[in-house]
Structures are given as C-alpha cells and as structure tokens.
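I opened this entry to log what I looked up in the model. The notes follow in the order I took them.

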Amino acid sequence: MVTYDFTKVPVIQIVDDIIVRAAKMDASDIHFDPRDEDLLVRFRVDGDLRDFTRIPKIYERNLITRIKLLSNMNITENRLPQDGAIKGTIGGLALDMRVSTLPTNEGEKCVIRILDYSRSLAGIESLGFSATNFEKLKRMIEVPNGIILVTGATGSGKSTTVYSVLQRLNRQETNIITVEDPIEMNIEGLNQVQVNSEIGLDFATVLRSILRQDPNVILIGEIRDSETAKIAVRASITGHLVLSTVHTNNSLSTIERLLDMNVERYLLSSALTGIISQRLAKMLCPHCRKKIPTDAYQKKVFKIALGKDVKETYAANEEGCEHCIHGYHGRIAVQEVLVINDFIRDALNNETLERDELRKMVYTSDVITLLQDGLEKVLEGTTSFDEIYRIIDIDDDLSDLVEINNKIEKKEEEIDLEEDPNTILPPQISIPSLDSFVVQPPPSPYPGTVKEEN
C-alpha cells in the first residue's frame, strides 16, 4: 500500500495523485470507504477491489470536501447522497469521471467512476465477439427497424457495446437520438438527451417527443419499467431501429422480463430483432500464463458443452509478472447473441407456450450460449476456466444443454451419454455438483507495502 505524508503534501495534490494512479492502473472505480480509524482507498481493477492506501481519520473530511469541489457538489451537505462529475485534465491525463457520495454511519463514502471510452471508440471489432456472433451482430444492426437489446449485470460492459454499435451506425444520412441517465459519452453527430426525473423529464416523456423528431435510430439508456418498454417496442415497429439495455442474465430471461412488463406478445414478436447477453471475464496475461492439465470435472464440462476432449488449458500464474496482477490483465466480454427467427416469433405469439418449450426453441436456434462462448475463449487462452466458473452458472447452463440435446437428433460426434452415466442427461441423473470443483480464492492483491516519500 502507498503511504502519504499529509504534513508535507497538500490534500489537493494527494487527491490528484490518487486519481492519476488509478487511471494509469486502468481502474474503473475509486472507492473511499470510511472506517473507524481511517479512510480506506481502494481501486477496482479488472473487476476486483484492491487496497491502495489508508487516509488518517483527521484528514478524511478535507479529502472528501476536495472531491466534492472538483465534482461541483454541495460541500456543506453530508446527510444526503449526491452525484457529480469531474471532467478535465489531471496530472496530464484527460479524464471523464462520475462521482457519487453516500452518508454512512462511519462517514461519507465516495466512489469515483473513471469512464474509459477507448473500447467504444475502437468499434465493435474490438469487443471480443467470436466470428459467428460478430456476423450475427452485423446482420442485426443492418435491419432498418426493430429493437436490439444488450443485457447483463451492472458493470458487464453493456454501455461499451451499445456505444460501439452507435459508432457503427453514426453516418451523415442517419438521425440518431439517445435518451440516457446519465449521458456517459458525448459522441459527435448524435442528439443526446439527459433524463431529469425531478422536472418530469423521464424516459417515457422523452420517448414520446423523440418520435416526432424524425429519428432513424433511438437509443434508450435502460428499459426500467413497463411504460418505457411498451413505448420502445411500439417505436421499433413504426420504422425505427431501437437500441436499449436490460438487467437480465441471458436471452431467455430477457424475453420473460419483457413479457412480465406487460408488453403485448404480438408486438414483441414483431419488434424484437435480437438480444446480446454478456459478462466480463478477466484476461490471462499472455506473458506469464501457463498450461495445466484439465481435471475430471473440467473434461466433462468441455465434453457436454462443446463436444471436445480437452486435456489441458491455460491458467493464470498467481505470482504474476511486471505486465499483470496475479496472472490477469484486462477483461474481455463473453457473449450470447440471439437473432430472433420466425420460429421464435411464432412461439412468442403462443400464450399457452410453457417456459421449457420456449427455452428449447431459443437454444436450438443456432445460438452459442454464454458457457460455450466462454469455454471457447478458454481454449484460445484468452481467459481461464476459473473465470468462466466464477461468472457463469455452469450447472444451470449444462442442464439446459443436456435437456436440449435429449430433444434433438444425436450426431456422430456427440457424447454417448449411456456409457458415462455421470455426464448425463437422462432427467433422472443429475449433473455433477459445483461442489466437486473447488476454485481457490485469489491471494490478497498488492503483496507487501510500498512507502513513498512525497
């Protein structure tokens, strides 16, 4: 951990130094966590929080006040949450950040999100789509009307994917209007609207007005309620291409969420063009990754999901090297791309169709599941099996694949399930429990203590 001397260095310089160091380490967030005796500063790097320094309690208020001043917050208010932004050059770096404060029993917690637009500006080719999924995505965005949804948990890269698609669609002859809360990235050529619920300017209100602005493409930052979902779907069937995000796990749950929002089935079946579900996995360091033999559980997972016999895979070198932290550096998206075909459209119109039947319809439509895409990236050496195990519910995905395989005609290269009852599918036989595969927790980050004289 880094140690600052507050008796010699002004708080202003210390705040700037913390922000610059976080940016250079490719951190996505800086957390200032109040504790009994000090203020703990942590960086989120590659999805994991790592301790950076501890600020003495007597300087906590001064440091938080400095951050509030930078982000144009009310420095006299510490009883209510506040939001702000910092945009400018700090330490020679051009930075764009979002700031949030939250009152806790130990003091004000502050989080700074560092926005990195490099991936979005690099285009959809840089997002890690497999060749098959990339072709599906290109076909989807070439459709002149319909709705394309990008789904995943918070921090799974949905905004990066959406902005990359907008970059692709941003042409002189196209009128693109976005409705966002907040506007995360200013793009030349787009008409971007900031939602302000306090004055009644919510997603639904803006969407009604947008439809009178002759748009070709509409981006809705997030579909959060039934009214927004219905307007978005109706906009997409009246000649507009609509992009939006939803907090769901996969393609099937996205369809179910929209139906739960009371979107009419006949409208959804006509409007929905495709769904992109994604998670972020840490990337193996190419300089120090190592090969290890697969264990019995891993072999079964590869065999069921990909139909391949895998004897060894790449894994992280926990000791790391000068290019990484414990064998990982950067993150890559694991995606599931579903293009809605006529069979799925017909199924959506069937009100009596059960969830199991819809799942089989979705996952027999030439879709590569999150698990399958993740395992392919493991074989490429891009990420590790441990990472896929961490971000994906393997048991659930294997159950779906097994059930689907039981319903379709067996091919010569598929597993002879009857020879290995443990692998299997018959409904009466269970898939190996995750308990049989134990992933050791990563060692504590930043071993040792680094003291600096400032």
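I count two residues as in contact when they have heavy atoms within 4.5 Å. This is a predicted model, in which local features need pLDDT of at least 70 and side-chain atom pairs count only at pLDDT 80 or more, while totals for chains, interfaces and linings use all residues. Residues are numbered from 1 along each chain as its sequence is written, and side-chain values use heavy atoms, with hydrogens and water left out.

Entry 1, Ile210. I found Ile210 in helix H6; helices (H or I, at least four residues) and strands (E, at least two) are DSSP runs numbered from the N terminus. Is Ile210 buried or exposed? Its relative accessible area is 3%, so Ile210 is buried (buried is under 20%, exposed over 50%, partly exposed in between, with a 1.4 Å probe and protein chains only). Leaving aside neighbours within four places in sequence, I listed Ile177, Val179, Pro215 and Ile218 as the contacts of Ile210. I also took the C-alpha separation of Ile210 and Ala235, which is 9.6 Å for residues 25 apart along the chain.

Entry 2, H6 and H7. Two packed helices are described by the angle between their axes and the distance between the axes. Axes here are lines fitted to C-alpha atoms, for helices over the stretch in contact, and angles run from 0 to 180 degrees between N-to-C directions. For helix H6 (residues 203-210) and helix H7 (residues 226-236) I read an angle of about 20° and axes 9 Å apart. H6 and H7 are therefore roughly parallel (angles under 35 degrees; over 145 is roughly antiparallel, 65 to 115 roughly perpendicular, the rest oblique). The crossing of H6 and H7 is left-handed, meaning the near helix is turned anticlockwise from the far one by less than a right angle, with clockwise giving right-handed. On the H6 side the contact uses Phe203, Ala204, Leu207 and Arg208, and on the H7 side Glu227, Thr228 and Ile231. I sorted the residues of this H6 and H7 contact into four nonpolar, one polar and two charged (nonpolar: Ala, Val, Leu, Ile, Met, Phe, Trp, Tyr, Cys and Pro; charged: Asp, Glu, Lys and Arg; polar: the others, Gly among them).

At what angle do helix H1 (residues 11-24) and helix H2 (residues 60-70) pack? I read about 70°, with the axes of H1 and H2 10 Å apart. H1 and H2 are therefore roughly perpendicular, and their crossing is right-handed. H1 contributes Val11, Ile12, Ile14, Val15 and Ile18 to the contact, and H2 contributes Asn62, Leu63, Arg66, Ile67 and Leu70. The residues of the H1 and H2 contact come out as eight nonpolar, one polar and one charged.

I placed Thr273 in strand E12 (residues 272-284). Thr273 is buried, at 7% relative accessible area. Not counting residues up to four places away in sequence, Thr273 touches several others, among them Met140, Ile148, Leu338 and Arg345.

Ile391 belongs to helix H14 (residues 385-391) and counts as buried at 13% relative accessibility. Beyond neighbours within four places in sequence, Ile391 contacts Arg279, Leu280, Ala281 and Val334. From Ile391 to Leu370, 21 residues away in sequence, the C-alpha to C-alpha distance is 9.7 Å.

I logged 15 helices and 15 strands in the protein chain. Of its 454 residues, 49% are buried.
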